[in-house]
Amino acid sequence: MLHRSTALKLVLAVLTFSALAFGQTARAQQSGAVNDQKAAPARAPRHDISGTWEPANGPGDGIQANGVKAMPNDGNPDHQLPYTQLGLATFKSHHALIGADQVLPAFYNDPRDKCEPIGFPRADFYNLRQTQILQNEYKVAILYEYAQTWRIIWTDGRELPKLVDGGVQVGKEIREPRFYGYSVGKWVDDTTLVVQTVGMMPEDRVWLDITGRPVSDALRVEEQFHRVDQDHLELTVTIDDPKMYTKPWVAMNKFPMKLQDPHTDVMEMYCSPSEMEKYDKLIGNPASGVDEK
């Protein structure tokens, strides 16, 4: 039979050991919680997509050299677009340097060859690199790195212009088509801005992407800018052009972009006529096998 003092010592020892063990476990759990807190991304701000953004998978992801990201022109039957008869004929009249139907450099007829504005929505599908977004309560301005191009998305509650022959109708006024169209945006929730754009140039002035997919003056484009969290943005783009395609289709599906340091100095990136001319002289004619004379 244990002496009372011995029994008391055993009880105190057990209690002391239990307290130490509990303290170690609590500290470990607390440390894990702190680490989890550090790892968790900050929540997206409400109604705000401003900042300097870059493709999350690296700058090259925005080049989209095989055509629009979600439906590249790579010969895969799953990527065949739902062309109308006119759409297919128009596509075949476009001769691109890249894609399943590519031609030699001397024979391509991309409007970009003359350094024409690439227009919209091609601005989303061609060299989408560092992109600056500025906004206030009335509008959102998007500044693209390529060609130092910008466009305005109105968020002041105005209606989307109506498509009419020769352009768009704004109130009682008929306005001309624009390379970057007329854009109106609406916040559908705290972190998602949905933008509708109409009134772009027809197919003889712009292409949809570098592989020669066509668009017409009946084109309507929907963009969804969804800010996932503080540092990440997703862009989804849907094409609706009843002249060229039998149904709407998704050209870019949740394309990921990441936030850059606000002090980032975005580089210039231009189409230069003199550089294009130099390219044609050094590469275009020899590659075609056609005598320059």
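User: Happy to start with helix α2: which exposed residues sit on the face turned away from its buried side?

Analyst: In this predicted model, that face of α2 carries Q85 and K92.

User: And which residues of α2 are buried?

Analyst: Helix α2 spans residues 85–93, and G87, T90 and F91 are buried there.

User: What makes you say that the buried residues of α2 line one face of the helix?

Analyst: Looking down the axis of α2, you find its buried residues within an arc of 100°, so they line one face.

User: Good, now the charged pairs. Why is the contact of R122 with D110 called a salt bridge?

Analyst: The cut-off is 4 Å between a side-chain nitrogen of Lys or Arg and a carboxyl oxygen of Asp or Glu. The closest N and O atoms of R122 and D110 are 2.9 Å apart, so the pair qualifies. R122 lies in helix α3 and D110 in the loop between α2 and α3, so the bridge ties together parts twelve residues apart in sequence.

User: How do you know whether R122 is buried or exposed?

Analyst: Buried means under 20% relative accessible area. R122 has 1%, so R122 is buried. D110, at 4%, counts as buried too.

Key: Residues numbered from 1 in each chain as written. Predicted model: local features only at pLDDT ≥ 70, side-chain atom pairs only at ≥ 80, totals over all residues. Heavy atoms only, no water. Buried < 20%, exposed > 50% of the residue type's maximum accessible area, 1.4 Å probe, protein only. Helix = DSSP H or I, 4+ residues; strand = E, 2+ residues; numbered from the N terminus. Arc of directions from axis to C-beta.
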